[in-house]
Amino acid sequence: MEIAGGVGTAMDGVLASVAALDALDLEDASLASDAHAGTDVDVLQRRYELRLERLEVSSRLRAQLAAVEARDAVECVGFQHVMLAPDAPVHERTFAEMSAVEEIAGVLTVSSGAAGAFVEQSRRVCALPPVLAALSTGDLSWQHAKIVADETEGLTLDGAAALVAHLFDPDAPNPARGAPPGELVPSRFRTKVRSWRERHHPETLDKRHAKGVADRRMEYTPDRDGMAWISLHLPGDTACAIWNRTTATARGLQSPNEPRTITQLRPDIAAALLLGTGSATENSATAARSGSVPAEAAATDTAPGPGNAPGADGVSDTAGLEATPEIGKVPAPRADVLVMVPVFSLLGQTDEPAVLDGFGPIPASMARKLVADGAESFYRVLVDPRDGAPLEIGRQRYRLPETIKQWIRMRDGKCTFPGCSNHTPDNDTDHLTAWEHGGTTGTNNLAQLCPKHHRLKHARPWIPDPATHNGPPGWTSPTGRHYKPEHPDPEPTHWPPGIMPVSTGTPCMEACPEDLPQWEPDDDQLIDLNDLSPEDPVWAEFFAKPFMLSV
């Protein structure tokens with residue numbers, strides 16, 4: 001019951017990594033002994049770099065050891081089954097596996113539940129040879145491998161193989177763009193894997209979403225130091241709009257006299273909106289003065305007891321409910337929500353998912369509802385039908401500076417700094433190469449950066465690559481390590497049956513997206529932002545305009 005390939009590749013990698021650590025340790029000991037005194041070697045800088053290199057090698061070693069453990073766990077259970085008679089009853093096989101799992105739990109000093117989960121995850125990883133190979137060579141961490149195992153659950157064997165090929169095979173049709181899986185932080189890798197899964201799951205996203213909506217809930221968890229957590233499990237568009245609105249309101253409250261950070265303002269605003277009877281701004285200011293939620297809101301929710309029975313202090317326990325005539329009805333999102341909807345999906349001719357900025361794929365029905373019920377402004381985005389990449393953005397209703405900001409927001413999706421997941425409401429639009437250093441004004445020299453990494457870029461030599469019209473920049477660290485950009489992962493749009501996409505008369509069911517000609521729009525409402533002259537006065541207006549969200 002051995003897994004194809006054995007542990008040879010992983011063990012060879014383990015030995016090579018251990019040898020690399022030994023070599024780094026010898027070099028560090030030499031530097032610490034003053035052997036390089038009087039030379040041009042910057043000892044402190046080199047010892048700093050050695051520690052980074054050791055961290056890198058040890059990370060690779062952990063992945064290789066994880067591959068050995070995964071194989072061993074699966075083979076332990078497999079050997080138990082092989083030792084049984086071929087006609088052994090089901091309960092005997094069940095007990096054999098249970099016994100092996102308990103042995104693994106004891107050896108790893110984990111609970112039997114954790115050991116069982118580890119065996120199941122190991123089975124899924126070992127059943128996906130490209131994932132196991134990447135883990136064995138240290139190109140992928142165990143956390144990344146678990147993400148693939150989790151996200152392939154529910155897919156057919158062919159679907160799981162197609163997902164793995166998309167991510168790990170550069171020769172696959174429409175392979176994943178940008179940084180390879182092991183160079184993405186796990187949360188960003190999960191986002192990329194999940195986006196592909198949502199589009200290719202055998203059950204439509206609309207059907208799965210309908211099941212998920214039935215499971216929406218709020219959870220309350222007490223925490224230490226007199227604190228607690230409130231969690232909401234909501235439809236993605238509603239949750240995204242709540243986040244954007246609290247962020248926009250927090251930005252509006254910030255001033256030289258406001259001591260709270262935006263992280264502190266968000267929960268204060270949410271508490272004010274949920275518990276208060278006035279505006280969010282008024283109640284948030286009350287919260288600032290009192291150091292808690294508004295006093296009138298707290299009184300409303302006080303539990304009955306001596307001296308505070310309902311009506312005893314002139315405040316009814318239902319006052320907050322009476323102030324809200326349609327309690328329980330969720331309004332359509334009015335905060336700034338950017339959603340890219342394929343036109344055939346918008347028209348109801350396909351069920352292709354839309355993409356919600358800051359969230360990812362959403363059901364076509366949700367996107368259509370946003371358009372019908374809540375969205376007050378739209379951008380026309382021309383998408384290349386061959387690969388799904390956005391080409392041009394319309395400026396039919398907005399001034400060009402705001403259009404440019406939304407284009408960059410749509411192109412980047414988040415802060416472009418390596419590993420950062422900060423979404424667009426918090427980010428600045430920054431010159432990648434400063435104007436005084438020869439940087440030009442155009443979308444190729446503009447990108448999103450969160451405030452933290454915006455400051456770091458100007459304080460230390462983190463050097464961005466140029467952006468492209470359809471892709472964010474990569475980055476080079478002060479020690480010379482290059483981090484590839486995390487490109488969006490669009491795919492060719494879905495065509496309804498019978499549509500004639502090209503003038504050749506070839507039905508779309510028989511035409512390949514790669515066969516379509518380059519689409520050059522003849523429409524003065526669609527603009528290529530890089531065609532603007534750097535001297536165009538619209539750029540001055542662009543940089544003078546703060547990036548504010550409507551609420």
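Q: In which strand does Met-218 lie?

A: Helices (H or I, at least four residues) and strands (E, at least two) are DSSP runs, numbered from the N terminus. Here, Met-218 belongs to strand S1. The model is predicted, so local features need pLDDT of at least 70 and side-chain atom pairs pLDDT 80 or more, while totals for chains, interfaces and linings use all residues. Residues are numbered from 1 along each chain as its sequence is written, and side-chain values use heavy atoms, leaving out hydrogens and water.

Q: Is Met-218 buried or exposed?

A: Buried means under 20% relative accessible area, exposed over 50%, and partly exposed in between (1.4 Å probe, protein chains only). Met-218 counts as exposed because its relative accessibility is 54%.

Q: Is Thr-247 buried or exposed?

A: Thr-247 counts as buried, because its relative accessibility is 0%. This residue sits in helix H10, which covers residues 236–253.

Q: How far apart are Thr-247 and Asp-426 in sequence and in space?

A: Thr-247 and Asp-426 are separated by 179 residues in sequence, and by 7.3 Å in space from C-alpha to C-alpha.

Q: How many of the residues of the protein chain count as buried?

A: Of its 551 residues, 38% count as buried. The protein chain holds 19 helices and 13 strands.

Q: What share of contacts in the protein chain joins residues at least 24 apart?

A: A contact means heavy atoms within 4.5 Å. Among contacts between residues at least 6 apart in sequence, 57% join residues at least 24 apart in this protein chain.
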